[in-house]
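Have a look at the model first, then go through the points in order.

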Amino acid sequence: MKVKDVPQDDSFVQPDRDVNLCGRLFALDDDGKYQEVPSAGWSPRNEAVRFAWNSRKEEAGQVREKVLSGKYSPLAFHMARAMMTSGMMAGYTGFSRRNINKFCKPKHFASLDSEALSKLAGALNMSVEELISID
Amino acid sequence: MVLGLGAGIFFCHLPFFKVSGYAMTSFRYISGRIFSDVTKTLGIEYRKHSFKDPDDAMAKLDEVLLGGTPVGLRVGMYNLTYFPKEYRVHFNGHNLCVIGKDGDDYIISDPIGQNKNKLSAADLKKVRYAQGALPPNGSMYYITSTKNCKPLNAGMIEKSIIKTCYNMTHIPLPMFGAKGIAYLARRMRKWEKLFGKRGAALNLAQVIRMLEEIGTGGAGFRFMYAAFLQEASELLSRPGLNQFSMELTAVGDLWRDFSYNAARFFKQRDPEGLTYEDLAVKLEVISARELDIFKRLENSIKHG
């Protein structure tokens, strides 16, 4: 790749502008020598990231429908949205994986006390109120 | 240079080892190996820790920072607050460097950030104890002494190139090395049957992300390694190595062509005139060329 071909397709909003996240590419200059060139992004890569992100939203949407129809608890929706597996959730909260799967059912979710709820909410970076609603 | 000395370039595709739900594809050696190899070759001493208890981990970090040593940390990307939301996936192989403490905030130098930034102690604790595949468990590493440091010489470079060639050509399993790329091509042909249309595209997206996002320097480290070969050719005054560098650059361009075509699967669900078969053929070409390059590279180092 030549230095002039280094792509600069920046398309994601950075929460902290001061950091200025920027990858580095190695590219050939006119004399055939390698140089390090900052690159803000490349559209095929951005497409891949966006595609994965959108399909994750779609999956969470399907789980949301099931929560509304009473098949799953709100926890299942929030886990799908954060791309958490029950194993990861178990690691963050200290519950067993089996229990996390149990809490994904409305009956068991309703019986949780406030301490357990705050543990689950903490692992998902949200408050307890957010955890029990599905907005 | 460091990537080359640590014999960093690699390929493996492991369908049975899942990272956030998709088969693991890696373009470099396991994280931490490059660092340990380079320090060993150059005679730099370092320490490495991981902790069961998060508070111990933070206390040790403070202690080392007070001594004035910057510390490398392996962290999960999901809770890194200064990353764009779209980049924050459950991936536990991101490395960053903590260079100081300011009140309750740590000063961080991120490998892909152009400037320094701050991260609160609570956030840092969270990313150091991220869960998922290969959890970092608060792992940290820092240099303790450079008094036995040896200057770079030709022997070190030759040894590391031979090691790289071994990894790329001689591992007797189909998933590893340059032939692993052909293995990925064979798997790719089955994706649509195994996972359906959307699942196949998601798997492809994962490969592209590993190639371009994790593979620093573009095309899964291929350009970076080519830069190393060019530097080595000057240091060892072997013009032959520069030739290999140019060939590897051409392979890197093929990788980028592959990503460019693959992206059409994400823009529209049914790209006209493009199938997984076409992409697999592209990968097979890359596989054959990389195998050829690394075999000839090994011969040229070993026999003249």
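1. Chain B has 10 helices and 8 strands, where helices (H or I, at least four residues) and strands (E, at least two) are DSSP runs numbered from the N terminus. The radius of gyration of chain B is 21 Å, close to the 19 Å that the globule rule gives for 304 residues, so chain B is as compact as a globular protein of that length. That radius is taken over C-alpha atoms, and the globule rule is 2.2 Å times the number of residues to the power 0.38. Along the principal axes, the C-alpha trace of chain B spans about 60 × 50 × 35 Å.

2. A quick word on what you're looking at: this is a predicted model, in which local features need pLDDT of at least 70, side-chain atom pairs count only at pLDDT 80 or more, and totals for chains, interfaces and linings use all residues. Residues are numbered from 1 along each chain as its sequence is written, while chains are lettered from A and ligands numbered from 1 in the order in which they are written.

3. Chain B splits into domain 1 (2-30 + 151-302) and domain 2 (45-145), with bounds that come from an automatic or database domain assignment. The C-alpha centres of domain 1 and domain 2 of chain B are 29 Å apart. In chain B, 41% of the 304 residues count as buried; that takes 20 or more other C-beta atoms within 10 Å of a residue's own, whereas 12 or fewer make it exposed and anything in between partly exposed, with C-beta atoms placed from the backbone. Of the contacts in chain B between residues at least 6 apart in sequence, 67% join residues at least 24 apart. A contact here is two residues whose C-beta atoms, placed from the backbone, lie within 7 Å.

4. Now for chain A, with 7 helices and 2 strands. Read from the N terminus, its elements go β-β-α-α-α-α-α-α-α. Chain A has a radius of gyration of 21 Å, whereas a compact globule of 135 residues would come out near 14 Å. The box filled by the C-alpha atoms of chain A is roughly 70 × 25 × 25 Å along the principal axes. Of the 135 residues in chain A, 29% are buried.

5. How do the chains meet? In this model, 43 residues of chain B are in contact with 32 residues of chain A. Helix 6 (178-214), helix 7 (222-235), helix 8 (239-262) and helix 9 (264-267) of chain B each supply at least two residues to the side that touches chain A, and helix 6 of chain B gives the most, with 8 residues. That side of chain B divides into 18 nonpolar, 16 polar and 9 charged residues. For these classes, Ala, Val, Leu, Ile, Met, Phe, Trp, Tyr, Cys and Pro count as nonpolar, Asp, Glu, Lys and Arg as charged, and the others, Gly among them, as polar.

6. Two helix pairs deserve a look. Helix 7 and helix 8 of chain B have axes that come within 8 Å and cross at roughly 170°; helix 7 of chain B and helix 8 of chain B are therefore roughly antiparallel to each other. Their contact divides into 11 nonpolar, 6 polar and 1 charged residues. In chain A, helix 1 (residues 43-68) and helix 2 (residues 74-81) pack at an angle of about 180°, with axes 9 Å apart. Helix 1 and helix 2 of chain A are therefore roughly antiparallel too. Axes are lines fitted to C-alpha atoms, for helices over the stretch in contact, and angles run from 0 to 180 degrees between N-to-C directions; under 35 degrees counts as roughly parallel, over 145 as roughly antiparallel, 65 to 115 as roughly perpendicular and the rest as oblique.

7. Finally, check two backbone spots. A:Met83 has a positive phi of about 55° although it is not a glycine, and A:Met83 sits in the loop between helix 2 and helix 3 (86-93) of chain A. A:Asn125, in the loop between helix 6 (114-123) and helix 7 (128-132) of chain A, has a positive phi near 60°. Most residues other than glycine have a negative phi.
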